[in-house]
Amino acid sequence: MAADSAPKASRLPLQKSLSRRVSFNENTLPKPPDHRRPRPPSTAGDYDSDTESQTNARPRRRGCGPLCNSCCAWTSLTVGILLILFLLLGGIYFAFLQSNLPEVRLQRLDINALAVNTTAAGDTLLTADFEVRLNATNGSGNIELGYSSMTATISSAGVNFGEVTIADMRQPPRTTTELDVRAATANMVVEDAAADELQDNTRMHVLVVDVVVKGQINFIVGGKRMNGFPFKIDCHSIDQSEIDDGHAPKCNTQMSPLH
């Protein structure tokens, strides 16, 4: 009996020590943090009232139904078609007027006077008298042309000899009208180089001139008038030698909304 009790006594401490190694207390372990946000208690009635208040506070959107979409599409299409028709008719009308403008040629260039003087102060003075003749042909068979508010300028070697006014006139269909333009200046101060160029070119009959006529043209068709269309005749870089040889250079005639 003594022998049996001794071993038991010796095993008890061993079991006791082993239980200390493996046993643990759940209360001593740290708990993981709870990330869930606590929800306050709410009743079904409170939830319904909050939802209803938010719905009432939010503005209601009125959508465009299929009928409205179709109406908008047809309106846009109609406006686009009308705009294209307007531009097309405007282009045709402009082309019609442009095609019935007169054909203008520079027929004659006369230099009646050209003199250069130098003052005591060293200024160069130019006295000149130029005259050109334009032939305007109305090639239309049934449109009469009327010219009004016309002005003309003549320039050469960078010198502008002033602006002159041309009297109003009317031109029946299939006729040619002579238009004389005369520009004169006296004792105008110019650069020495321009004066020398004018003198040399005049002496050699190689003077180059620019003639520009601006005004308004009227179209009379069957007694009905279409008035006030701005136009411009541009005779650019016309060589005197070409005119002396019997040629009549053609000028550029065009509708000119911006003079």
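Modeller: Two strands pair if DSSP finds at least two bridges between them; strands (E, at least two residues) and helices (H or I, at least four) are DSSP runs, numbered from the N terminus. The model is predicted, so local features need pLDDT of at least 70 and side-chain atom pairs count only at pLDDT 80 or more, while totals for chains, interfaces and linings use all residues. Residues are numbered from 1 along each chain as its sequence is written, and side-chain values use heavy atoms, with hydrogens and water left out.

Biologist: Which residue of β7 is the bridge partner of T151?

Modeller: The partner is K214. β3 and β7 pair in the antiparallel sense over eleven bridges.

Biologist: How many bridges join β3 to β4?

Modeller: Six, and the two strands run antiparallel; M150 has I166 of β4 as its bridge partner. Two residues lie between the strands of this hairpin, in which A157 takes a positive phi near 55°. β3 also pairs in the antiparallel sense with β5 (residues 169-171), over three bridges, and L145 stands opposite Q171 there.

Biologist: Is β3 mostly covered or uncovered?

Modeller: Buried means under 20% relative accessible area, exposed over 50%, and partly exposed in between (1.4 Å probe, protein chains only). Ten of the 14 residues of β3 are buried.

Biologist: Which residues touch the most other members of the largest nonpolar core?

Modeller: A nonpolar core is a set of buried Ala, Val, Leu, Ile, Met, Phe, Trp, Tyr and Cys residues joined through side-chain atoms within 4.5 Å. The largest has 42 residues, and those touching the most other members include Y147, I154 and F161. Among the elements that each supply at least two residues of this core are β3 (143-156) and α4 (192-204).
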